[in-house]
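Please look through the sequence and the model shown here before reading on. The report that follows takes up a few features in turn.

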Amino acid sequence: MALIEAERLEKSYPGTDFTAVAGIGFRVERGEAFGFLGPNGAGKSSTMRMLACVSQPSGGSLRILGDDPVVHGRALRARLGVVPQDDALDLQLTVRENLIVYGLYFGLSLKHMRAKSAELLEFAQLADKAGERVEHLSGGMRRRLTIARSLVNDPEILLLDEPTTGLDPQARHILWDRLFRLKSAGVTLILTTHYMDEAEQLCDRLVIMDKGRIADEGTPRDLIDRHVTREVVELRFPPGEQEQAAEKLGGDVEVLPDRLLCYADDGDAALARVTEVGLRPLTALVRRATLEDVFLRLTGRSLTD
Amino acid sequence: MTRSLAYWLFRYRRTWQGTVVVSIANPLLFLLAIGAGLGSLVRGDVEGVSYLQFFAPGVLAAAAFQNAFIDAGFGVATARGRERVYQTAVATPLSSGEVMGGHLLFVALRVFVGALAFVVVMALFGLFSSFGTALAVVLAATLTGIAPATVVAAWAVTVTDFPRLNTVFRFVVMPMYLFSGTFFSVEQLPAALQTIMYALPLWHGADLCRSLALGTATPGMTLLHVAYLGAMAVAGVLIGRVTFRKVLYV
């Protein structure tokens, strides 16, 4: 049985015409790391709120751990862990107190939470900060504390909304490492991101979302193989010369505001051809295709627009 | 409900000393400055008692009412808005009703502590004839605060822009604070205004506190006041159950 099954799932908000989620279907299996990749406004957060059982679907069906979240929301929330985008930690309480009060919300005893919080702070590499107020913590530490908090009830599913947005590269890598450990421990991870590198790093499988719909689904490798070539040549030209260059080059070329993307299975050969046809780009870079390219192909827009 | 109350108690641990000092200093200054100071200028008696005796229970009720508005209004709007306390709590097995209930219990506790401190100060001024009277006045003042608190909380959870709270504070709470028979008898107001004040909650709270403190309470009026304030508190809870659910499960 899949842990999560969604069919034609919809979410719209009363009093507005806005449809945040416009009929999506997906399944998440136990132990997977499953991602929603898409730009801001794609409907990722609305989907996550429905999965967290705090937002009622407007249409379609959703089953979480085999149950209907509208009927069994309370019991289901006891088995989920939630890492919201904005942390929502209590800045006036200490690091440890944040974990303790959250544990009490789950009906866990104070005694249990004293021991549990020590264990979780160890995991989040925050043991030496236990007595500090959260307002003195850096962004990366706060996010790790939010993850520690989401684990007080040993959840079967962990929902992470934009887990590394706003963090510096080092903090991101520490966080990814912690998430890998959770995954190895058998926790099912569901995350949203608009970073393609994060999706590639963390997700076994993902869906690409755009404007409330799922554009495609698969492993990062599948998606790249299906929609783009193995390599991409990025070319920059002086302003105004891009269109001409694209015409001259021909073939599989995408024109972006600031550069050309030239899709090819052999990047070096493609770059050689650029010189052959007499083009002199300001810069040229051969790289492997990424999910960013997939997204561009599927939607005609880049992820960070 | 106790689970979400526990959260507020954890926070209270940080601040309670400060709030207790304020809860004692405030009535002390009020009773000294207005009751004893300004009151000495009031010639003769007010309704048969000294101005201090008249004024103290009135301002006790007014303070409970005002503090309840601040705690329930600004407290709830902040917990839903900037601090996202509620959103964090409803992601757990807690329901929106329990989240509201825990916060309201905490507001009630704060109102009770404030009323208790105020009554202790009044006792120092020798304003009570017996311990029982003082206790009854503490409970009356607490009810005077809880009644508006539930209604204000039910509304405040829907408020996303803070200036609206200020507006209501200035144009609804302050006039009630001043004119509900707190500083002077409502009977000195024009007849039309009197009728309005009798319909508003703070007059009931002030009259309840004063009549109990002065020993002039009648069973009929006491019952009326308690029923009015109790009904208001219950109505606020019922409305709040709806508004909290609506706001927190979007």
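**Terms and source**

Two residues are counted as in contact if their C-beta atoms, placed from the backbone, lie within 7 Å. Helices (H or I, at least four residues) and strands (E, at least two) are DSSP runs, numbered from the N terminus.

This is a predicted model, in which local features need pLDDT of at least 70 and side-chain atom pairs count only at pLDDT 80 or more, while totals for chains, interfaces and linings use all residues. Residues are numbered from 1 along each chain as its sequence is written, and chains are lettered from A and ligands numbered from 1 in the order in which they are written.

**Domains**

For chain A, the domain assignment, whose bounds come from an automatic or database source, gives domain 1 (4–224) and domain 2 (229–288). The centres of domain 1 and domain 2 of chain A, taken over C-alpha atoms, are separated by 39 Å.

**The open sheet**

Six strands of chain A form an open sheet with mixed pairing, in the order β5-β6-β7-β3-β8-β9, where two strands pair if DSSP finds at least two bridges between them. At the edges are β5 and β9 (213–218) of chain A, each of which pairs on one side only.

Within this chain, strand β3 (residues 33–37) runs parallel to strand β8 (residues 205–210), and four bridges join β3(A) to β8(A). Gly35(A) stands opposite Leu206(A), which belongs to β8(A).

**Helices beside the strands**

Helix α5(A) lies across β5 and β6 (157–161) of chain A and runs at about 165° to β5(A); axes are lines fitted to C-alpha atoms, for helices over the stretch in contact, and angles run from 0 to 180 degrees between N-to-C directions.

In helix α2 (residues 69–77) of chain A, the residues Pro69(A), Gly73(A), Leu76(A) and Arg77(A) are buried (20 or more other C-beta atoms within 10 Å of a residue's own; exposed is 12 or fewer, partly exposed in between, with C-beta atoms placed from the backbone). Because these residues cover an arc of only 100° around the axis, they are on the same side of α2(A), the arc being that of the directions from the helix axis to the C-beta atoms. What covers the buried residues of α2(A) includes β4 (59–64) and β5 of chain A.

**Two loop residues with positive phi**

Most residues other than glycine have a negative phi. Ala88(A), however, has a positive phi near 50°, and its place is in the loop between β5 (80–83) and α3 (95–105) of chain A. Ala88(A) is partly exposed, with 18 other C-beta atoms within 10 Å.

Gln125(A), which is not a glycine, has a positive phi of about 55° and lies in the loop between α4 (110–123) and α5 (139–150) of chain A. With 15 other C-beta atoms within 10 Å, Gln125(A) is partly exposed.
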